[in-house]
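Here is a short tour of a few local features worth a look in your viewer. Please keep the sequence and the 3D view open side by side as you read.

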Amino acid sequence: MKQLSGARSPLPSLVLRASDLSPELVATLDRSNVAHPTSKIADSFWTLIEQLHDMLISLDFGSLDGKSQAHRKRSILSGTELLMHRCAALNDYLGVLARTLLTSTSAQKKSQEAQSAKRRLDDQINRLFKMPINFIKHDGFCLSWIEMSLGDLVTHGYMVAGPIGDGVQGPIKFRRSGRDDPEGYSFALTLREVLPAFYLMCATVEDVLGRAGVLPTAGNEKQPATRDARSVLLSETLELLNHLPFRGFPDEHRVRVSVFSLQDGAVVARTSPLRKLPGTFRVRSEIRSVRGGSSYRLPYWSGGDSAP
C-alpha cells in the first residue's frame, strides 16, 4: 500500500506544508497575483472529488431508454472534457507556483529547477489529459463514445476523434504516425488515474520547493483549519472508483490501476492490472457529424480502414 496524501488528511502533503509559508513568500504570491496553494489546491481537490462522484454515479445506466442513455452519454463526455481541463489547469497553476516561489530568490539555478519541474508536470498528465485537451482546443477534435462488449461484460470509454487527413475523420492515433496515442480511453483507466495524477503533480512541486528550502520541514504539517462540505463525498467516491470494472481497452491490457482506501484519514492505494475482454468482443462507437463525402476510420477495426 502506498500513501498518496498527506498524513491524517486526504489532501496532498503540499497543501499541509504550504500552510506555513513565510510572510515574505506569501507577499511574493500576492504581488504576482498567484493564489495561495493551501486554498487553491484544496478547492481543486474537492472540486475533482465532486465531479468524479457525479460521473461515477452517471455511469450506472440502469433501465434508461435509448434517448435517455444518449443524453447521459453526452453528459458524461462533457464531464470528461471538463475533468481534463481541470487537470490541465492544475498542472499550469503548479508550474506558475513553482516558478514564482523558486525565482523569488533571483537565482538562475532556481529558474532552471522551476522549468524542469514544469516539464515533469507535463509528462505526468500528457497522455491522458493534456494532449487530448490540446487537440480539442486547437485542432477540431472532440470526444466520442466507444464501448466494447462480450455477453454481459461491457467496457465503456471514449476516443479523441477529429480530422486525420485526406478527408478522413478518426481517432487521434491515426493523426500522428509513430506515436503511442491510444485509439480509445476506458473509464476503467481514465477515472482511476485522476487522483494519482493529482497527487503526483503536487508531490513533484512539493519535492522541488522542499529541496529549495521554500517549504517548512516535512513532518511538522498542520491540519487545515476548515473542512469542505464536499468532503462527505470522498469515501463513497473512492468506493465507486474501486467498483469500476478491471477491464480496459486492448492497448490498456495489464496497465496497473489504483485501488483506493482511507487509513487514519489519509488516502492510500494499491494497484491491480486491467484485463481486456476475452475472446471476440464487439466494438460500438458513436460517429460525430462529418462533412458530406468524408469517411471515418473506425477504432479497433480489423475489417477495413474506413467507413463512408
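## The surroundings of glutamate 252

In this predicted model, glutamate 252 touches Gly184, Tyr185, Ser186, Leu189 and Leu274, leaving aside residues up to four places away in sequence. You will find glutamate 252 in the loop between helix 7 (234–242) and strand 6 (256–263).

Is glutamate 252 buried or exposed? Glutamate 252 is buried, yet has no salt bridge. The nearest side chain of opposite charge belongs to arginine 127, and that one is 6.5 Å away. A salt bridge would need a side-chain nitrogen of Lys or Arg within 4 Å of a carboxyl oxygen.

## The buried side of helix 7

Which residues of helix 7 are buried? They are Leu234, Thr237, Leu238 and Leu241. These four sit on the same side of helix 7, because they cover an arc of only 100° around the axis. The general rule behind such a pattern is that an α-helix has 3.6 residues a turn, so residues three or four places apart point the same way.

Several elements cover the buried residues of helix 7, including helix 3 (37–58), helix 6 (187–211), strand 6 and strand 7.

## Strand 4 and its two partners

Now over to the strands. Strand 4 (residues 168–171) runs antiparallel to strand 3 (residues 153–165), and four bridges join the two. Within this pairing, glycine 162 stands opposite glycine 170 in strand 4. The hairpin of strand 3 and strand 4 has two residues between the strands, and there aspartate 166 takes a positive phi near 60°.

Strand 4 is also joined to strand 9 (residues 295–296), this time by two bridges and in a parallel arrangement.

Arginine 8 is a residue other than glycine with a positive phi, near 60°. Arginine 8 lies in the loop between strand 1 (2–3) and helix 1 (13–18).

Aspartate 264 is not a glycine either, although its phi is positive at about 55°. Its place is the loop between strand 6 and strand 7 (266–273). Is aspartate 264 buried or exposed? With a relative accessible area of 65%, aspartate 264 is exposed, whereas glutamate 252 is buried.

Definitions and conventions. Residues numbered from 1 in each chain as written. Predicted model: local features only at pLDDT ≥ 70, side-chain atom pairs only at ≥ 80, totals over all residues. Heavy atoms only, no water. Pairing = 2+ DSSP bridges. Buried < 20%, exposed > 50% of the residue type's maximum accessible area, 1.4 Å probe, protein only. Lys, Arg positive; Asp, Glu negative; His and termini not counted. Contact = heavy atoms within 4.5 Å. Arc of directions from axis to C-beta.
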